[in-house]
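Hi,

Here is the structure I promised to pass on. Have a look at it first, then read my notes below.

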Amino acid sequence: MIVLFLKDGLGNQLFEYAFARRLSKVYGDRVVISRIYFKRNKDRSCQLERLALAKDVTYSGGIASFLFLLLLEFRIFLSLGPKFYLIHRDQEAFNRVFGGAEEIFRRCQRHGVYLSTSPYQYFDGFTFPGRRVKLVFGNFEHASFVKECGEGLREELRLKDASGIEGYLGRGECNVSVHIRRGDYLNPEWKSLNVCDEVYFIKAMKHISSICPDAVFNVFSNTAADLEWIRNNYHLEGNVRYVDTGMDDVSDFFIMSSCRHFIISNSTYSWWAAYLSQAEDKIVVVPDVWSVGSPKSEGLYLPNFVRVKGGRDL
């Protein structure tokens with residue numbers, strides 16, 4: 001059994017699930033998704049429940065999830081000792097004291113815990129399969145985990161019920177999804193991710209227009225207020241539509257994914273929307289820098305991505 005402690009927003013949840021499915025291919029175990037972290041963070045929810053995941057995937061809540069969490073903390077304690085409790089909230093100190101994310105992963109793996117303390121780190125060489133219950137926690141934002149799952153993953157990551165979404169943007173040959181991430185990215189704590197500016201989006205739109213002159217640019221953002229801010233402050237040229245569906249994040253995500261081409265922010269949400277698109281020969285434009293000061297974020301770039309620089313001095 002592989003217990004995945006799911007957390008964060010939809011894009012991160014998809015990467016976390018991909019890693020768990022990667023493990024299930026290695027060990028032949030089924031995946032159990034724990035929802036316990038959403039009890040602590042009421043702003044997020046388990047959005048994977050709306051997807052057509054593998055039939056053997058189950059969800060854990062209540063006392064079972066609490067017991068799995070106790071087991072997770074106990075095994076990390078066995079792996080890392082009492083210092084874990086003193087510094088686990090400071091990720092930089094945590095990685096420094098215990099020798100880095102890869103060393104932490106190796107030590108915890110011996111006790112059946114697959115712990116990522118660096119979101120862009122790639123881990124391979126899975127060993128120590130003897131634990132009946134394997135526990136997965138952390139962010140696993142690396143394209144290789146997705147590719148190693150095979151094409152079957154795409155079949156799982158589709159809506160159980162797509163009514164009300166199919167054909168929402170019309171059947172135009174050149175619908176382009178433009179995801180301008182605002183919201184939490186504007187907070188000082190996420191300044192390393194605040195890399196996509198107006199210059200980036202204008203350059204990206206010009207690139208796609210040079211290939212697809214009849215492009216319709218469908219702009220998505222966090223909220224209706226964010227869309228209005230973009231409309232009033234950005235000078236986007238061409239056939240631009242500001243898409244406020246009034247629906248939820250999952251519905252917006254699959255509407256984005258129905259587009260022909262993509263201009264994404266440095267966001268796992270729009271990364272997955274582009275990845276899951278079935279469009280042939282799609283153009284995916286991405287910011288040249290994903291996260292300032294994080295070279296390992298290069299693992300998110302796929303060979304077909306078109307990298308474009310913004311105007312900020314990075």
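The lining of the second largest pocket divides into 6 nonpolar, 4 polar and 4 charged residues. (Ala, Val, Leu, Ile, Met, Phe, Trp, Tyr, Cys and Pro count as nonpolar, Asp, Glu, Lys and Arg as charged, and the others, Gly among them, as polar.) A pocket here is an open set of points on a 1 Å grid over the protein atoms alone, where a 1.4 Å probe fits, with protein on both sides within 12 Å along at least five of seven lines; lining residues have an atom within 4 Å of a point.

Before going on: this is a predicted model, where local features need pLDDT of at least 70 and side-chain atom pairs count only at pLDDT 80 or more, while totals for chains, interfaces and linings use all residues. Residues are numbered from 1 along each chain as its sequence is written, and side-chain values use heavy atoms, leaving out hydrogens and water.

Now the cysteines. There is 1 disulfide (a pair of cysteine sulfur atoms within 2.5 Å). The disulfide joins Cys-174 to Cys-212, with S to S at 1.6 Å. Both of these cysteines are buried, meaning under 20% relative accessible area with a 1.4 Å probe, protein chains only. Cys-46 is in no disulfide, as the nearest cysteine sulfur, that of Cys-149, is 17 Å away. Cys-46 is buried too, at 10% relative accessible area, and Cys-108 is buried at 0%.

Finally, find His-179: at 4% relative accessibility, it counts as buried. Among its contacts (heavy atoms within 4.5 Å) beyond four places in sequence are Phe-201, Met-256 and Tyr-269.

Cheers

Methods: Buried < 20%, exposed > 50% of the residue type's maximum accessible area, 1.4 Å probe, protein only.
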